[in-house]
Amino acid sequence: MSRSSTTRSATRSATRCSSKRRDGCNTWAARTTRSRRFGGDEFVLLVQGLANAGDLTAFADRIVTGLRVPYSVGTEEVVATVSVGVALTSESDSVPTDLLREADMAMYRAKDRGRNRHEVYGATLQVRAIERLGTERVLRRALADDRLVVEYQPIVDLATGLTVQAEALLRIDDAEHGQLVPEHFLAVAAETGLLPVMDDWVRASAMRDLLRWRDASRSAGVQRMCVNLTARELASPDFTSRLVGGLQAAGLEGGDLSIEVTEHVLMQTSHSAVSSLGELRALGIHVGLDDFGTGFSALSYLKDFPLDFLKIDRSFVERIDIDERSSSIVAAIIGLAHALGLSVVAEGVETAQQLARLRHFSCDLAQGFLFAPSISSCDFMRLLAAEEATPQAC
């Protein structure tokens, strides 16, 4: 069933449930509940006169359970599920918009925890809301005060031992909280619509630095810059044109750039987004699957998606020198990738023993603290100069 028909069916389901309550199917609900369609497939129920919060959560459970009962829409049998957010108050002067906002937050918490359930707005969600607001302020302050920073982790060719690629990693240098990594702010950046601006800035900075390193290098230097891609970006209709425009503005070609997506991103992509990946490859941009081996359907992605390389997740790499099962898995992944014409990057390499194993398995590239952590553009230039034995001033 298509998304639009699913939404229509869900709307009919919720409307039918509301109608039954209004028609007296449930006497208690009809006496104490008013329901309205809020928009799309969302409905608001105002429940009054309950003795305690337990009665309200019991009512929410009845809604969730009641909507699981199959019913017919035309010739189709439909089972609708619902995520319910509950906000309650005993104050007569409560602001309705505040209650709606709290119920909405609780509803999205229910969705995050697996859907088909209810969640009650309370102290925990209130703390999360305050933290989210604080994070949003940090993001906006970083954009306004030019506090975004790009660091780079070297990616090393295991055949030569030289740095041939760099992965661009966004950081925020906040005056109050210090350096923040994406785990601290990525979700809020996506929710607030700030992520596209930040991602465009990262790519533009990375492209400028790539040219700068090449100008200072006597050899071929860094062949390719690697950047991460979110599902929201991949689904954006103007993403490909923005990316190409950025490459042209920097004087670079498609082959100078690698795009990394995770399995989670691919799970959220539509057919048009997959076509976008194909368009990127047609321009010479390399496309890779990040954190390979951590999901449930990684093998199917190797078959179905246009890929050039994959990155073995650090959880496998960190044990290849002490656990034969992990070692065998890594060897099998490398063999499979090579059989499919894909190159392989190992993440999280920290010891010489791990490096030796990876070389034994004919792994192509690697990155990790054994070579260098993420470092500034100037430090990356010094690292390249040291490899060439030609000191450079940053």
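Colleague: Which residues have the most contacts inside the largest nonpolar core?
Modeller: A word on the ground rules before that. This is a predicted model, where local features need pLDDT of at least 70, side-chain atom pairs count only at pLDDT 80 or more, and totals for chains, interfaces and linings use all residues. Residues are numbered from 1 along each chain as its sequence is written, and side-chain values use heavy atoms, with hydrogens and water left out. A nonpolar core is a set of buried Ala, Val, Leu, Ile, Met, Phe, Trp, Tyr and Cys residues joined through side-chain atoms within 4.5 Å. Buried means under 20% relative accessible area, exposed over 50%, and partly exposed in between, with a 1.4 Å probe and protein chains only. The largest core here has 74 residues, and Trp213, Met225 and Leu310 have the most contacts inside it. Helix α7 (residues 195–216) gives the most to this core, with seven residues; helices (H or I, at least four residues) and strands (E, at least two) are DSSP runs, numbered from the N terminus. There is also a second, separate core of nine residues, including Phe59 and Val84.

Colleague: What does Trp213 touch?
Modeller: Contact means heavy atoms within 4.5 Å. Leaving out residues up to four places away in sequence, the partners of Trp213 include Tyr152, Met225, Phe380 and Leu384. Trp213 counts as buried because its relative accessible area is 2%.

Colleague: How many aromatic pairs are there?
Modeller: A pair of aromatic rings is described by the distance of the centres and the angle of the planes. Rings of Phe, Tyr and Trp (its six-membered ring) pair if their centres lie within 6.5 Å; planes under 30 degrees apart count as stacked, over 60 as edge-to-face and the rest as tilted. By this rule there are three aromatic pairs. One of them is Tyr152 with Trp213, edge-to-face at 4.9 Å centre to centre and 85 degrees between the planes. This pair links distant parts of the chain, with Tyr152 in strand β7 (residues 148–157) and Trp213 in helix α7, 61 residues apart. Tyr152 is buried, at 0% relative accessibility. Tyr152 also forms an edge-to-face pair with Phe380, at 6.2 Å and 70 degrees. Since Phe380 lies in helix α16 (residues 377–388) and Tyr152 in strand β7, that pair ties together parts 228 residues apart in sequence. Tyr152, Trp213 and Phe380 form one aromatic cluster.

Colleague: How many salt bridges does the structure hold?
Modeller: Side chains of opposite charge can pair when their charged atoms come close. The rule for a salt bridge is a side-chain nitrogen of Lys or Arg within 4 Å of a carboxyl oxygen of Asp or Glu, and the structure holds 17. Arg242 bridges to Glu233 at 4.0 Å, N to O, and to Asp238, where the closest N and O atoms are 3.2 Å apart. Glu233 is buried, with a relative accessible area of 4%, whereas Arg242 is partly exposed at 25%.
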